[in-house]
Structure formats: C-alpha cells, structure tokens
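Trainee: I'm new to this one. Can you walk me through it?
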Amino acid sequence: METNLKVLISLAFMGAVIACGTFEQPPVHTEQDIDSRLQPYVDQFLEDCETRRSDCRTKFSKITSIKVHKSFPLSDDITEDTIGLCQLTKRRNWIMIKEEVFDRFDEHVRALMYHELAHCVYELDHVPEKNKLMSAHMPDILTVVYKWNTLVDEMFKQVEQHHGN
C-alpha cells in the first residue's frame, strides 16, 4: 500500500512538472494596428530593411500600432512642432504621426516614417547633423528627393554601428 502511494505521488509530481514545462505565456499582441495611409511607407521601410538586415521582421514585430493623431499631449519632450513619436516600452512599441504631416510632400511623410521606424525598430537616437533621416528636424525636401538613397544608406550605417551586423 505504501509503495502504491509513493507511485501515485511520484506520478502526480511528474504531471505537475510536465505541465509547468509546457506552459506558454500568452503573446503580448497578436497583430499590428497600422493606419492604412502609413502602410505603403511601412512596406517601403521593411523592403529596404530586409535587403540590409536579417533581424528586421523580428524587431518590427514588437511594434503594436502605428497611428495618425490630430495632436499630441505636450510635455518637456513633446512640443507643438513635434510631428512624429516613437514610444518604447517593455511590452510594446508604438508610433504616432500627427495628421498635419499629410499636408506635406509624400517624400516628407516617407522620411518621417523611416525616422520613427528606425527609433522603434532599432532604438536609434537622433544625430546632430542636419539633413539626415535621424536628425531631430525633418530634412529639407530637396535633400529628401535627390539624396534619398544616400539618406537611407547612412541610416542603416547608424544601425550597424549601434547593433553590429
């Protein structure tokens, strides 16, 4: 009788260990919420990113939403002139774009999306130089139009310096 009890206790313990071993945490999110007006720019970023980085999709999947808003709550870091935000948290990353950006050239919208995506996907900081994708202020339209490929190459060089290959 004592042996049967030991066997039952051992089996119960093994079942608990096996159950604990197969327990999976629920996903933080199941899909991304991306404003349809921004989707083409996101797709272009991902295409450029995938030709240069193997970790692009994995890092991009941590972004839960990319939304357009009429305004942003003001703070020390967010002024009236702020047109894009990337928020990084432990559980999710998200991007907000101010609606007024659609009054600008498409090239500016694309540059802003690359800038915010580089913040959220690769945690890049601003660079002190002007007329770069990662500058704190939007590059001028002529630079964006005529030097786009150079701007993108420079941004991904910054990614390599920040993360390595």
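Mentor: First, a definition for sorting residues: Ala, Val, Leu, Ile, Met, Phe, Trp, Tyr, Cys and Pro count as nonpolar, Asp, Glu, Lys and Arg as charged, and the others, Gly among them, as polar. This is a predicted model, where local features need pLDDT of at least 70, side-chain atom pairs count only at pLDDT 80 or more, and totals for chains, interfaces and linings use all residues. Residues are numbered from 1 along each chain as its sequence is written, and side-chain values use heavy atoms, with hydrogens and water left out.

Trainee: How is the lining of the largest pocket divided into nonpolar, polar and charged residues?
Mentor: The lining has 11 nonpolar, 9 polar and 4 charged residues. A pocket here is an open set of points on a 1 Å grid over the protein atoms alone, where a 1.4 Å probe fits, with protein on both sides within 12 Å along at least five of seven lines; lining residues have an atom within 4 Å of a point.

Trainee: And how much space lies in the largest pocket?
Mentor: About 590 Å³, taken as the space filled by probe spheres set on the points, which are joined across faces, edges and corners. Of its 24 lining residues, T82, I83, G84, H126 and A136 are the closest to the centre.

Trainee: Which element gives the largest share of that lining?
Mentor: That is α4, with 5 residues. Helices (H or I, at least four residues) and strands (E, at least two) are DSSP runs, numbered from the N terminus.

Trainee: How do the axes of α4 and α6 cross?
Mentor: They cross at roughly 10 degrees and come within 12 Å, with α6 covering residues 148–163. Axes are lines fitted to C-alpha atoms, for helices over the stretch in contact, and angles run from 0 to 180 degrees between N-to-C directions. So α4 is roughly parallel to α6 (angles under 35 degrees).

Trainee: What residues make that contact?
Mentor: Among them are R110 and Y114 of α4, and W148 and F156 of α6. Contact means heavy atoms within 4.5 Å. The contact residues divide into 9 nonpolar, 2 polar and 1 charged.

Trainee: Switching topic: is Q158 buried or exposed?
Mentor: Q158, in helix α6, is buried, with a relative accessible area of 16%. Buried means under 20% relative accessible area, exposed over 50%, partly exposed in between (1.4 Å probe, protein chains only).

Trainee: What does Q158 touch?
Mentor: Leaving out residues up to four places away in sequence, Q158 touches L124, D125, V127 and M134. Q158 and M134 are 24 residues apart in sequence and 9.0 Å apart in space, C-alpha to C-alpha.

Methods. Parallel < 35°, antiparallel > 145°, perpendicular 65-115°, else oblique.
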